[in-house]
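Here's a quick briefing for anyone meeting this structure for the first time. Have a look at it, then read on.

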Amino acid sequence: MGFFAAIGSAYANVFDATGRARRSEFWWFFLFQVLVSFAAQIGLGIYAIGDPAALVALSDKEMMELWLTQNSDLAWIAGYLFAGQLLFLWVPNLTLTIRRLHDTNRSGWFMFMPLVALILSILGMFFFAAGAAVSRGAIAIVIAFALIPLAASIWYFVVLCLPGTHGGNRFGPDPIPDRRAPPPAHPAFAPKLTGADARAFEAMRKREAQDYYRSKVLPSIQRPEAQ
């Protein structure tokens, strides 16, 4: 899926949080958000700097406050830009993120995982620091608590980069009909079969061994005898 197709799909499914979204759709729309936000900020900056008094006010806090008071329309423009970004970028991104997580067979609630990790980390550091004496071991534990949100954020980013599950999953059909199937697992890591599955697999192995013996081994044994 290309850049414009991804943007069109994101807006066409802006209120759909039930399906799945491929990686290209999510990351192309992410790039679109970055470009639009950057262009809006540049435009607002050019509008503000267009007034010569704004350049002078940059060097003095009181003059800046006075300039902002005299140019209250700038605050309205910034507010409109924020509202537009919230409506036209944040809402599509929210549903698109949910569908991207669905593509990896994860619930949309997974997006709150970094936030939950941050809250738990802060609570852990607070309760531990309240009852622990200052020492190297205590400082190391506090640093470990602080690294939990970072690890959670990295893992969340990795999940958004993962390919979707092959075929349909609990959230819907595969958005890529011709997605390449994952390679089969090595027999050493295959789950152990039990019951009827184990008996059927053993019978299949015996048939394959017998077929190989009849087609490959037995002709090579009988050929010298025929000569």
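Let's start at a loop: Asn105 sits between H5 and helix H6 (113–131), where helices (H or I, at least four residues) are DSSP runs numbered from the N terminus. This is a predicted model, so local features need pLDDT of at least 70 and side-chain atom pairs count only at pLDDT 80 or more, while totals for chains, interfaces and linings use all residues. Residues are numbered from 1 along each chain as its sequence is written, and side-chain values use heavy atoms, leaving out hydrogens and water.

**The loop residue**
- Asn105 has a phi near 65 degrees, which is positive even though the residue isn't glycine.
- Its relative accessibility is 31%, so Asn105 counts as partly exposed (buried is under 20% relative accessible area, exposed over 50%, partly exposed in between, with a 1.4 Å probe and protein chains only).

**The largest nonpolar core**
- This core has 15 residues, and Phe29, Leu96, Leu101 and Tyr156 touch the most other members.
- A nonpolar core is a set of buried Ala, Val, Leu, Ile, Met, Phe, Trp, Tyr and Cys residues joined through side-chain atoms within 4.5 Å.
- Helix H1 (3–12), helix H2 (23–49), helix H5 (72–103) and helix H7 (136–161) each give two or more residues to this core.
- H5 provides the largest share, four residues.
- Leaving aside residues up to four places away in sequence, Leu101 touches several residues, including Phe110, Met111 and Tyr156 (contact means heavy atoms within 4.5 Å).

- Ala6, Ile7, Ser9 and Ala10 are buried in H1.
- These residues cover an arc of only 165 degrees around the axis, so they lie on the same side of H1 (the arc is that of the directions from the helix axis to the C-beta atoms).
- Phe4 and Ala12 are exposed, on the face of H1 turned away from its buried side.
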